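Subject: Handover of a structure

Dear colleague,

Please find below the structure that I am handing over to you. I should be grateful if you would read the notes under it with the structure open.

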Amino acid sequence: MRLREALADRRVLVTGVTGFIGEALLRTLLVEAPQVRPVVLVRPKAGQPAVDRVARLLRRRTFAPAAEFAGGPERLLERVEVVEGDLEDVPALPRDLDVVVHCAGEVGFAPPLQEAFAVNVVGTRHLLERVLEASAPGPDRGGRGPVHYVHVSTAYVGGRRRGPVPEASVEHAVDWRAELDAAVRLAARIEEDSRTPEVLARFNAEAQALHGRAGPLTAAADAERRRREWVLAEQREAGRQRGHSLGWTDVYTFTKALGERVVEEVGAPLPVSVVRPSIVESALEHPHPGWIEGFKMAEPLIMAYGRGELPEVPAAPDSTIDIVPVDHVVNALVAVCATTPEPGSPQYFHVSSGARNPLTFRRLYELVREHFLAHPFDTGEGPVDLPVWDFPGAAPVERRLALGERVHATAERALTYVPRSERVRGWSRDLDRLGRRLALLRQYSDLYQPYTQSELHFVDDATLALHRALDPQDVPALGFDTAVVDWPHYIRDVHAPSVTRPVRKQDELRRMRARRGPAGVRRPLVPAEPGAEPSDVLAVFDLDGTLLTANVVETYLWTRLPGLGTAGQAREVLSLARSLPSMLLTERRDRGDFLRQVYRRYRGADLRLLDELADTVLAPALLERASDAALQRVAAHRAAGHRTVLLSGAVEQLARPLAPLFDEVVTARLAVDADGRATGHLTAPPLVGEGRAAWVVRYAEVHGFDLAKSYAYADSHSDLPLLRAVGLPTAVSPDVPLLRAARGAGWPVEVWAARTTLPRRLRTPRAVTA
């Protein structure tokens with residue numbers, strides 16, 4: 001009998017249709033078994049009702065043949081009954097169901113322990129309880145027998161064993177109820193541990209070391225981020241270690257195995273089939289060769305190799321990587337739905353390839369290499385150099401990786417003590433790339449090593465018998481004998497091109513943007529004619545390191561030394577040199593305290609002399625140190641009608657030469673005694689870090705400026721709160737921490753070098769602002 005006839009008029013409920021296997025299964029049922037009446041359990045998401053999510057799904061290219069047959073996606077939706085709900089709270093199911101196929105599940109290798117249990121164990125139990133309710137005899141069942149429950153598991157539920165794995169219940173004595181209770185308690189204890197004084201002190205110290213200069217709230221936010229990340233990492237590691245301790249590869253296979261035990265116990269009154277795919281990859285034929293949704297297990301390895309980022313892999317070259325195309329998995333599920341197992345006697349099916357058509361890691365490597373040699377990734381500087389894998393074994397790979405991690409950590413510590421420069425920023429970019437590569441390698445090593453070194457094959461006798469029982473007319477569209485897969489054709493010519501195609505398109509778009517100009521850099525100003533009317537836009541500029549290449553110590557010497565005489569100058573320089581190490585340590589901790597230390601050295605200075613020096617000696621020097629790009633940018637903002645603000649922790653005398661460029665100047669002010677001499681203190685705290693951001697927010701509120709459309713320019717990580725306060729920030733010649741923050745946020749990064757390319761007559765404030 002044809003499968004479409006065997007399934008005619010059956011009500012088949014499918015979970016997980018927004019996932020890879022579930023989507024493919026729904027498509028196959030709609031296309032190949034048009035008389036099936038599908039039901040889907042879908043949860044609402046982001047305010048979108050379940051029926052809208054299914055409507056969007058059915059408009060995909062995947063469902064085009066079924067939509068055309070039905071008369072359009074809207075008519076196709078009429079064929080599918082949508083039940084809104086999720087595995088945490090499964091609603092009552094229709095009473096006329098014949099088959100339930102449970103495709104939904106937590107498929108990540110390293111979810112938090114409690115989340116893996118919630119989906120793969122608890123969710124399975126909730127669904128089975130509802131299936132039992134729907135299956136209970138009654139007049140509304142219409143004479144139907146019990147619902148056939150089909151559970152999609154994984155071939156790797158057998159754990160880290162070797163040799164043949166039978167199509168049978170996994171032998172283990174693990175109590176899933178006890179493990180579930182323990183997982184919930186452990187996850188809660190990890191959350192509690194993250195809030196102990198000792199652990200919080202560590203997070204606070206780490207955050208303060210990086211963000212202390214920006215302000216206490218910025219440091220506090222980072223400390224809380226570190227706490228949350230620690231909780232997530234610990235919960236993930238707890239799942240991995242518990243799975244290992246009981247003989248499974250990871251928390252995924254551990255909880256899937258316990259989920260099977262739930263099926264065997266709770267689902268005992270039902271006809272039950274357990275389908276165990278191995279590593280599910282792109283389609284061989286249907287809906288079209290290479291069809292895949294998202295990255296699965298092999299794709300990250302393939303992509304990393306093609307990018308030249310995977311120098312070696314901790315795999316045994318003769319071990320089998322058991323890959324199966326998704327259409328074979330789905331076709332097997334359709335055939336299983338047509339079977340009628342006896343209640344209390346579950347049937348098991350391995351949908352795999354290793355037993356009769358093995359693909360070794362060495363052969364996979366050779367085929368992927370052949371693909372990239374013929375179709376290399378191009379970085380813009382030529383084809384990527386592909387690494388050559390020697391398969392040295394897990395231990396040598398781990399030693400190399402650990403060495404790389406130690407070298408990277410040492411270089412990171414050294415980088416924090418190097419003065420900023422374009423070369424240092426280049427080093428930081430190189431270190432960031434190395435860090436990402438090492439993190440990727442560590443992830444692959446930890447997650448994939450149990451799979452890459454497996455020495456087993458999955459017996460698929462029952463699956464093969466089911467395939468051979470197909471009507472010959474069903475085999476072309478619904479066959480699932482993996483022995484027919486031609487690995488060179490599939491890997492080299494179907495799978496690798498499919499998974500790399502979207503990345504190649506993105507690379508081409510990036511190259512096109514690069515030919516037109518810097519990618520991702522927003523234009524700093526809206527087009528405007530000179531003399532534009534005032535707008536509701538602010539343009540806020542930092543002084544030291546942004547407009548000027550000088551720093552506060554250097555400018556202090558410019559203003560202080562001329563009034564001291566030769567001997568006084570020598571003493572002051574020597575005293576400053578002795579204090580400088582301590583001052584730099586203070587600057588790394590708190591920018592405000594550092595400025596106070598510098599300005600304390602003005603004690604006794606005649607303020608009138610400082611003013612005179614600022615107007616006569618300092619003004620030309622400052623203008624000479626100002627960046628042409630900076631002066632042009634300020635002028636452009638004023639021409640656009642934006643209100644320009646100079647916001648600096650420098651004393652007012654240092655900012656005075658540039659004051660005519662700005663509509664508003666906010667600086668520190670030296671306190672003076674009755675004789676007009678500096679006391680060594682300030683009249684108010686200097687505006688640094690979060691204080692600058694708070695000032696800008698308040699200024700915008702009082703004067704009606706729109707911060708979402710406003711600009712800010714700064715060079716230091718201490719100015720991170722200021723840059724975050726506006727919609728259009730720019731990091732200018734940034735230090736390494738700000739460079740990394742800017743790159744992470746996608747902000748423009750510019751280098752304003754102090755080159756005198758403008759004619760000198762145009763480098764005066766009056767000329768620039770004209």
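Residues are numbered from 1 along each chain as its sequence is written, and side-chain values use heavy atoms, with hydrogens and water left out.

**The chain as a whole**

The protein chain has 28 helices and 19 strands; helices (H or I, at least four residues) and strands (E, at least two) are DSSP runs, numbered from the N terminus. Its C-alpha atoms fill a box of roughly 105 × 55 × 50 Å along the principal axes. Of the 770 residues, 52% are buried, where buried means under 20% relative accessible area, exposed over 50% and partly exposed in between, with a 1.4 Å probe and protein chains only. Among contacts (heavy atoms within 4.5 Å) between residues at least 6 apart in sequence, 78% join residues at least 24 apart.

**Confidence**

The average pLDDT, the predictor's confidence in each residue from 0 to 100, is 86 for the protein chain, and 91% of the residues score at least 70. Over residues 517-524 the pLDDT stays under 50, and the model has 12 contacts beyond four places in sequence for them. Residues 756-770 also have a pLDDT below 50, with 29 contacts beyond near neighbours in sequence. Where pLDDT is low, the predicted coordinates should not be read in detail.

**The six-stranded sheet**

An open sheet is formed by six strands in the order S14-S13-S12-S17-S18-S19, with parallel pairing; two strands pair if DSSP finds at least two bridges between them. S14 and strand S19 (749-750) stand at the edges, and each has a single partner strand, so one side of each is left without a neighbour in the sheet.

Strand S13 (residues 643-651) is mostly covered, with eight of its nine residues buried. S13 pairs with strand S12 (residues 538-541) in the parallel sense over four bridges, and Leu646 in S13 is the bridge partner of Phe541. S13 also pairs with strand S14 (residues 664-668) in the parallel sense over four bridges; here Leu647 has Val666 in S14 as its bridge partner. Strand S18 (residues 728-732) and S19 pair in the parallel sense over two bridges, and Ala731 stands opposite Val749 in S19.

**Phe594**

Phe594 lies in helix H21 (residues 591-600). This residue counts as buried because its relative accessible area is 4%. The C-alpha atoms of Phe594 and Ser627 are separated by 25 Å, the two residues being 33 apart along the chain.

**Cavities**

The structure holds three cavities of 30 Å³ or more. A cavity is a set of points on a 1 Å grid over the protein atoms alone where a 1.4 Å probe fits but cannot get out, and lining residues have an atom within 4 Å of a point. Grid points are joined across faces, edges and corners, and a volume is the space filled by probe spheres set on the points.

The largest cavity has a volume of about 130 Å³. Its lining includes Ala298, Tyr305, Phe361 and Trp389. Helix H11 (298-306) and helix H13 (361-374) each supply at least two of the lining residues. The lining divides into 10 nonpolar, no polar and no charged residues; Ala, Val, Leu, Ile, Met, Phe, Trp, Tyr, Cys and Pro count as nonpolar, Asp, Glu, Lys and Arg as charged, and the others, Gly among them, as polar.

Yours sincerely

Key
Predicted model: local features only at pLDDT ≥ 70, side-chain atom pairs only at ≥ 80, totals over all residues. 1 Å grid on protein atoms, 1.4 Å probe; cavity = no way out; pocket = protein on both sides within 12 Å on 5 of 7 lines; lining within 4 Å.
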